[in-house]
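Some labels in a structure description rest on a cut-off.

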Amino acid sequence: MLTMIAAAQLPVLSALLAAGALAKVWTARGEAEPGVLSRLGPAVLVADRWRAPAMLGCAVGEAALVVGLVTTGHPVFRWGTAAFFAVSTYVLWELRRRRPDVGCGCFGEVSAVPVGLRSLGRTMVLTAMALGLVWTPRVPGWALLSGMTWTQAFAALGGLLVLAVLSPEIEEAAARLRYRAPCEQRPLDPAHALGRLRASATWRSHRKLLSSVEPVDSWRELCWRFFVYEGLSHAGEPVEVVFAVYLSGRHPAVRVAMVGFDGQPVEERPLSESMPVSAGR
Amino acid sequence: MPYRSADRRRVLAAAVLGRPLDSLDEREPDPESDPEEGEPLHSITGEILDVSPHLIVVETPEGEEERLVIAPWATAWRGENVSPADLPIGAHVIVRALQGGRVVDRIWADITRITGVIQSVGTGRRDLTVELYCGPHRGRRTIVIPYGASGRLRVRHPQFESGYLFDAIGIREDGAAHARLPATSQPPYRWTSVPKPPPGYGAQSRISGTSTWSDTFDWGERGVAYPMLERADSDCQDAGVSCTALPYLALGSALSVRNVCAGRTTVLPIVACGCLAGRFCDRCLECGTSPRGRIVELSPVSFVELGGELTKGCFNARVGLG
């Protein structure tokens with residue numbers, strides 16, 4: 001029974017190692033916010049210029065272990081996994097002592113919560129799981145997955161649940177989703193707003209009035225982005241046509257106004273009355 | 001994208017969003033402003049042409065000559081507190097004046113604010129030479145830390161290493177900036193590792209925090225530098241970073257700035273990118289602890305007119321869209 005439970009943790013260990021490797025690569029390549037490496041362990045324990053290589057090196061090690069565990073049943077990878085998590089436990093302990101303000105970085109940027117007893121407990125459990133795996137039959141991970149029984153699936157699920165309870169990242173991710181920064185505080189690409197403007201009915205109805213192809217000025221204030229074009233009013237006077245695009249929502253509001261060079265708004269000509277058309281064939 | 005003019009942007013935004021349009025000079029008083037906020041403060045900048053114990057003559061940047069009466073209680077600062085009559089002819093001064101701008105209350109001579117990122121530190125035996133990066137607009141700047149001020153500065157700036165922030169107040173002397181006073185306690189992180197703002201609960205119409213001053217503005221200019229500008233709009237690759245949850249605004253947006261300590265409010269346009277201000281999460285202790293780090297940097301003239309003391313470096317401010 002114990003052997004079966006220990007063997008069932010192989011997919012759990014592989015999944016966690018794969019997730020950790022991917023998240024570390026994402027963070028180290030700077031896809032997350034800049035400067036995040038200075039708040040994540042164990043990269044903070046090395047000099048500034050070695051932080052990204054250290055995190056990438058850790059990711060490469062994890063990836064190698066995953067490949068080894070899934071494709072072969074060779075004991076080197078099982079002992080390697082156990083050693084990896086044992087060393088991780090020591091590093092996290094050291095990190096907690098030397099830099100109590102930084103996160104473990106186990107899953108990249110999401111692991112920004114300072115290292116606590118839960119993170120330490122998780123690496124201890126992972127070390128125990130990896131050690132248990134050393135004494136199980138030497139079958140490759142893919143073979144175990146393809147022939148998994150219900151009992152093994154429940155054992156793996158149990159292992160996952162234990163790890164979930166010990167993972168502060170889950171609460172961190174939930175908090176990020178729940179307290180998403182409002183539109184006013186989120187960086188938003190001007191090209192994206194321009195695309196939304198050009199897809200709008202307001203743009204189509206005013207396009208023929210514009211005499212410049214590209215906006216002559218563009219700026220953002222709170223959740224609005226403004227685009228200014230040179231143009232001609234319906235009466236043929238030179239004006240500036242200003243569009244305001246709301247930056248949030250699937251179908252954002254787009255407003256338009258024509259302003260003379262004296263600063264006075266130019267009244268728009270009312271829309272011509274719609275022509276009645278027959279809906280018949 | 002060229003930045004056209006603050007006034008034109010305000011006109012266009014008001015037209016398209018249907019907002020009322022007031023000129024910055026014709027604003028209704030802020031409903032929060034204290035009706036007893038005291039006598040209006042005026043600031044005059046220029047070069048001293050003549051000074052005596054009772055009168056100072058200043059040539060403004062526009063070439064006008066201002067003759068101002070020095071109040072008996074007036075004090076001056078030039079690296080240290082001095083008597084106004086001891087200021088040298090030719091010194092650049094910022095004067096805080098009362099009584100319609102005719103009576104001098106306080107004078108700061110040759111004052112400069114040195115805010116930047118440490119690039120390299122010299123190896124002088126007495127005076128230290130430090131090279132700073134002061135943002136894309138200001139560029140690099142070499143400053144001198146005199147031996148006599150180094151102890152005071154090093155206590156508040158323990159990390160004298162490349163990549164750490166530096167903020168001091170000093171004087172311009174012989175063509176170089178000499179640091180004299182620490183303007184803040186140095187943040188413990190590198191300038192590329194600014195802590196993220198805490199999770200937001202929605203946008204706020206008014207934000208309280210720290211307001212400082214900077215000398216990156218044109219001489220005598222009124223306005224603010226604001227950190228949260230879109231990089232593409234402001235032509236500032238270091239913009240858009242702040243440890244305070246600030247909304248994005250643009251060059252030309254009008255901000256209502258209130259000095260909470262002095263109870264004075266004014267509306268000022270954003271005229272520059274405060275790319276370094278956003279990286280300071282320090283608190284101002286001018287009248288209680290400010291609830292957040294730096295939210296705006298004021299021009300020296302605006303800072304003085306809001307009742308700020310240049311040598312203290314900051315005041316607690318409440319800022320909203322004007």
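The questions and answers below concern a predicted model.

Q: Why is B:R141 called buried?
A: Buried means under 20% relative accessible area. B:R141 has 12% relative accessibility, so B:R141 counts as buried. This arginine lies in strand β9 (residues 140–145) of chain B.

Q: What makes the pair B:R141 and B:T112 a polar contact?
A: The two side chains come to 2.8 Å, and the limit for such a pair of N or O atoms is 3.5 Å. The pair therefore qualifies as a polar contact. A polar atom of the B:R141 side chain also lies 3.1 Å from the backbone oxygen of B:R113.

Q: Which residues is B:R141 in contact with, leaving aside its neighbours within four places in sequence?
A: They are B:T112, B:R113, B:I114, B:V130, B:E131, B:L132, B:C134, B:A177 and B:D215. Contact here means heavy atoms within 4.5 Å.

Q: How do you know whether A:Q152 is buried or exposed?
A: The relative accessible area of A:Q152 is 12%. The cut-off for buried is under 20%, and exposed requires over 50%, so A:Q152 is buried. A:Q152 belongs to helix α6 (residues 150–165) of chain A. Apart from neighbours within four places in sequence, A:Q152 is in contact with A:M4, A:A8, A:L144 and A:G147.

Q: What makes B:R9 and A:D217 a salt bridge?
A: Their closest N and O atoms are 2.9 Å apart. The rule asks for a side-chain nitrogen of Lys or Arg within 4 Å of a carboxyl oxygen of Asp or Glu; the pair therefore meets it. The count between chain B and chain A is four salt bridges. There are also 11 residue pairs in polar contact between these chains, both residues being at pLDDT 80 or more.

Q: Which element gives the largest share of the side of chain B that touches chain A?
A: That is α1(B), with eight residues. Both α1 (6–17) and α3 (231–234) of chain B supply at least two residues of that side. By class, the side has 22 nonpolar, five polar and eight charged residues.

Q: How many residues of each chain are in contact, and what area is buried between chain B and chain A?
A: The contact involves 35 residues of chain B and 40 residues of chain A. About 3100 Å² is buried between the chains, with 57% of it on carbon and sulfur atoms.

Q: Why is B:E309 with B:R96 called a salt bridge?
A: The closest N and O atoms of B:E309 and B:R96 are 3.8 Å apart. The limit is 4 Å, so the pair is counted. Across the interface of domain 1 and domain 3 of chain B the rule finds two salt bridges. Four residue pairs, both at pLDDT 80 or more, are in polar contact between these domains.

Q: What area is buried between domain 1 and domain 3 of chain B, and which residues of domain 1 lose the most?
A: The buried area is about 990 Å², and carbon and sulfur atoms give 68% of it. In domain 1 of chain B, the residues that lose the most area to domain 3 are B:S43, B:I94 and B:W108, together 48% of what that side buries. The domain assignment places domain 1 at 42–109 and domain 3 at 206–321.

Technical notes: Residues are numbered from 1 along each chain as its sequence is written. Chains are lettered from A and ligands numbered from 1 in the order in which they are written. This is a predicted model: local features need pLDDT of at least 70, side-chain atom pairs count only at pLDDT 80 or more; totals for chains, interfaces and linings use all residues. Side-chain values use heavy atoms; hydrogens and water are left out. Domain bounds come from an automatic or database domain assignment. Buried area is the accessible area (1.4 Å probe) that two parts lose on being put together, summed over both. A polar contact is a pair of N or O atoms within 3.5 Å; within protein, one must be able to donate a hydrogen and the other to accept it, and residues adjacent in sequence count only if both atoms are side-chain atoms. Helices (H or I, at least four residues) and strands (E, at least two) are DSSP runs, numbered from the N terminus. Buried means under 20% relative accessible area, exposed over 50%, partly exposed in between (1.4 Å probe, protein chains only). Ala, Val, Leu, Ile, Met, Phe, Trp, Tyr, Cys and Pro count as nonpolar, Asp, Glu, Lys and Arg as charged, and the others, Gly among them, as polar.
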